[in-house]
Amino acid sequence: MRNITYVEAIREAMSQEMRANQDVFILGEDIGIYGGAFGVTNGMIEEFGPERVRNTPISEAAISGCAVGAAMTGMRPILELQFSDFITIAMDNIVNQAAKMRYMFGGKANVPVVIRTPGGSGAGFAAQHSQSLEAWMAHIPGLKVVQPSTPYDAKGLLKAAINDDNPVMFYEHKMLYGVRGDVPEETYEIPLGKADIKKEGTDVTIVATSMMVHKSLEAAKLLEEEGISVEVIDPRTLVPLDKETILHSVRKTGRVIVVYEAVKRGGYGAEIASMIGESDVFDYLDAPIMRLGGRAVPMPYNAFLEQKAVPQVEDIVQACKTIMNK
């Protein structure tokens, strides 16, 4: 099997779907010759031409409106927003239009649009280009929300998202674009709503998303040397959420920590913690559920402070030791 990067896996998913279906096209700022802000669409305009790799004006409101309208008329657009922070400008078209159209038209209108966008910190892009706002989208009925952490997952989930008849928010972490992994060249899909056990363990369950999956795996490796066995669950999609895989793991370990990069207050970790607390798995818990999320501060530009704003490997290690002693 080939070993390719996360960004190559995303590009391959889009290219394969565009070859298979003439209704699939991409739109966004600088995605043509420039290849997009992070080079995800490099070379695609040469193969598919400017009609299907459409450069747009710098207006997220206009681009998102075009994408939603195109989807409602039978196309399958993939919208690239340069930074997930810019979703705030496209909010009306996503939240008030795309998410509600199928419901408001009694199921007669589908909106098969994928909104791809890089989120997260670690690149020194500061407060307006480093946020993790996925919990906002997960709150809205009618939207599906995806957060792949590996190249294999990114390809399979993106293909499933493109072929889904509902609007899908597809969050790519900008620090994962260079991560390599084994990815089949042939086409495949990963069903939305199916979590993955990245590492099996018996003492503590960590439910981690996006970049935090990798930090949790690093922490788990360190903890193994101290005799603590950690199971790492990657939900892969926040909506729909694979509750059963998470609950099954908690039944086994009796302890759970939810790790995510977004600000802890009001973050998606609270949703997972509540889901566990409201289930019959509550009786299996040997310690209170812990959440490890970002600090409630605008993301600093300073590299040292930026690291301090979100959970790091040592924080996860310490959290596991703490929950083991409760």
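By class, seven nonpolar, three polar and one charged residues make up the lining of the second largest cavity. In this count Ala, Val, Leu, Ile, Met, Phe, Trp, Tyr, Cys and Pro are nonpolar, Asp, Glu, Lys and Arg are charged, and the others, Gly among them, are polar. A cavity is a set of points, on a 1 Å grid over the protein atoms alone, where a 1.4 Å probe fits but cannot get out, and lining residues have an atom within 4 Å of a point. The volume of this second largest cavity is about 50 Å³; a volume is the space filled by probe spheres set on the points, with grid points joined across faces, edges and corners. Its lining includes E134, Q147, V207, T209 and L238. At least two lining residues come from each of β13 and α10 (268–277); helices (H or I, at least four residues) and strands (E, at least two) are DSSP runs, numbered from the N terminus.

A word on the model itself: it is predicted, so local features need pLDDT of at least 70 and side-chain atom pairs count only at pLDDT 80 or more, while totals for chains, interfaces and linings use all residues. Residues are numbered from 1 along each chain as its sequence is written, and side-chain values use heavy atoms, with hydrogens and water left out.

How many cavities of 30 Å³ or more does a search of the whole structure find? The search finds two. The largest cavity has a volume of about 90 Å³, and among the residues lining it are G119, G120, Q131, S132, Y171 and H173. Strand β7 (residues 168–173) gives the most to this lining, with three residues. By class, the lining of the largest cavity has one nonpolar, eight polar and three charged residues. Why does this cavity lie between domain 1 (2–183) and domain 2 (196–324)? Both domains give residues to its lining, so the cavity lies between them; the domain bounds come from an automatic or database domain assignment.

Now for the pockets. A pocket is an open set of points with protein on both sides within 12 Å along at least five of seven lines. The largest pocket has a volume of about 340 Å³. It is lined by 20 residues, with Q131, S132, L133, A262 and V263 nearest its centre. Two or more lining residues come from each of α6 (134–138) and β13 (256–263), and β13 gives the most, with three. Domain 1 and domain 2 each give at least three residues to the lining of the largest pocket.

The second largest pocket has a volume of about 260 Å³. Of the 14 residues that line it, R295, K308, V310, P311 and D315 are the closest to its centre. Here α11 gives the most, with four residues. Five nonpolar, four polar and five charged residues form this lining.

Is S130 buried or exposed? Its relative accessibility is 1%, so S130 counts as buried, where buried means under 20% relative accessible area, exposed over 50% and partly exposed in between (1.4 Å probe, protein chains only). The side chain of S130 reaches the backbone oxygen of A126 at 2.8 Å.

Conventions. A polar contact is a pair of N or O atoms within 3.5 Å; within protein, one must be able to donate a hydrogen and the other to accept it, and residues adjacent in sequence count only if both atoms are side-chain atoms.
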